[in-house]
Amino acid sequence: MLIEREPYSLSAAEKQPLLLQELNALTQHHQQHCLPYQHLLTAQWPDEAQNSAQTTAQLPYLAVRLFKQLKLQSVPDANVFKVLYSSGTTGTPSRIVLDSATAAIQSKILVKIMQHWLGKARLPMLIIDHPGVIKDRSNFSARGAGIQGLSFMGRNHCYALNDDMSINFEAVEQFCQQFGDGPVFVFGFTYMVWQFFIQQLKHQQKTISLPKALLLHSGGWKKLQDQAVDNTTFKQQVLAQTGIGKVHNFYGMVEQVGAIFVECEQGHLHCPSYADVLVRTPGSWQTAAVGEEGVLQLISTLPRSYPGHSLLSEDRAVLLGEDNCPCGRMGKYFHILGRLPQAEARGCSDTFSPSAKQETAL
């Protein structure tokens, strides 16, 4: 099974047959256990509803927005372990239903991918957020779920922010004094890191020293782009205020938690063994060639309790290559170019506002 393989070890020739086998099985599984999905496939993908796809490009895919509009789950209500909510300063958020088996697989794969970047030792962890974000453990926002999931990778957890989003300087300084000389794991959602940590440090003319830390962050780029903050500027400012030189963005969405796409040292987002991407040309919806812009389709072998294994996102992207990134990792690699023009803004921290900080979502 793919979940037993290392995250970036499979070439396309090895990966694609395994991927296709598992995805066809998931399509069949969800048809049998999720009636709305069965109806969607019969209406929109009649051939694929009857036959297995021969390539990943032939797999049926759902618009990710459907999780806002329909109850899509492949398990009985009695087996629901957790519900994740995504998006939305406006409108209805997506609702992602997890049973315990799916949640366990998501956690296992998330840890496996993170260990590739962080190592297997659990590091002291500085979380750029406030502790209230994980208060309700049965109904997480995606932000809370992300923090909770990645917390397993750390120890001696320290939340850098107070409930009012000010920096808890006493806690941060104590953390730096205790762990600043060694490797440290720092995590936060992109906009939170930038707006409520880096900018606050800069405004108050303060710096901290975590020279051996690795910062992972995700989401919220739209807000930063609105402030004309690009990836290079972000990294430069993080280095100036904290001494952190290893900074990796990662891409993912609550509809496919677990199999995330982490930015390598070359600045490319990488597909792990358990997931894949396709880029489709709007209008024809044919797969685009390497280097051609289009709409990103996300494929994951992890969603078992809901039909989320093949989803058309609302993000524009360009595929850069496969198995030939200079970083040496196998798999496809790509860039996100931004949101579709008419898509609702719903990045990991796009939904944050100081007056509604508790139930934020990706």
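Buried, for a residue in this passage, means under 20% relative accessible area, exposed means over 50%, and partly exposed covers what lies in between (1.4 Å probe, protein chains only). The model is predicted, so local features need pLDDT of at least 70 and side-chain atom pairs count only at pLDDT 80 or more, while totals for chains, interfaces and linings use all residues. Residues are numbered from 1 along each chain as its sequence is written, and side-chain values use heavy atoms, with hydrogens and water left out.

Salt bridges make a handy place to start. In general, side chains of opposite charge can pair when their charged atoms come close. Taking a salt bridge as a side-chain nitrogen of Lys or Arg within 4 Å of a carboxyl oxygen of Asp or Glu, a search of the whole structure finds nine. One of them joins the side chains of Glu314 and Arg65, at 2.8 Å from N to O. Glu314 belongs to strand β13 (residues 310–322) and Arg65 to the loop between β1 (62–63) and α4 (66–69), so this pair ties together parts that are 249 residues apart in sequence. Helices (H or I, at least four residues) and strands (E, at least two) are DSSP runs, numbered from the N terminus. Glu314 is buried, with a relative accessible area of 10%, whereas Arg65 is partly exposed at 28%.

Glu314 also meets the side chain of Arg339 in a salt bridge, at 3.2 Å from N to O. This pair, too, links distant parts of the chain, with Glu314 in strand β13 and Arg339 in strand β14, 25 residues apart. Together with Asp315, the residues Arg65, Glu314 and Arg339 are linked in a network of salt bridges.

Another salt bridge brings together the side chains of Arg329 and Glu265, with 2.9 Å between N and O. Arg329 sits in the loop between β13 and β14 (332–339) and Glu265 in the loop between β9 (261–263) and β10 (269–270), so the pair ties together parts that are 64 residues apart in sequence.

With contact meaning heavy atoms within 4.5 Å, and not counting residues up to four places away in sequence, Asp276 touches several residues, including Lys15, Leu19, Phe261 and Lys332. The C-alpha atoms of Asp276 and Phe261 are separated by 9.3 Å.

Gln200, in helix α8 (residues 190–203), is buried, with a relative accessible area of 16%. Its side chain reaches the backbone oxygen of Phe196 at 2.8 Å. Leaving aside residues up to four places away in sequence, Gln200 touches Met165, Ser166, Ile167 and Gln195.

Finally, the cysteines. The structure holds zero disulfides, a disulfide being a pair of cysteine sulfur atoms within 2.5 Å. The closest cysteine sulfur to that of Cys264 is in Cys325, 3.8 Å away and therefore too far for a bond. Cys264 is buried, with a relative accessible area of 2%, and Cys34 counts as buried at 1%.

Terms used:
Polar contact = N/O pair within 3.5 Å; in protein donor to acceptor, adjacent residues only side chain to side chain.
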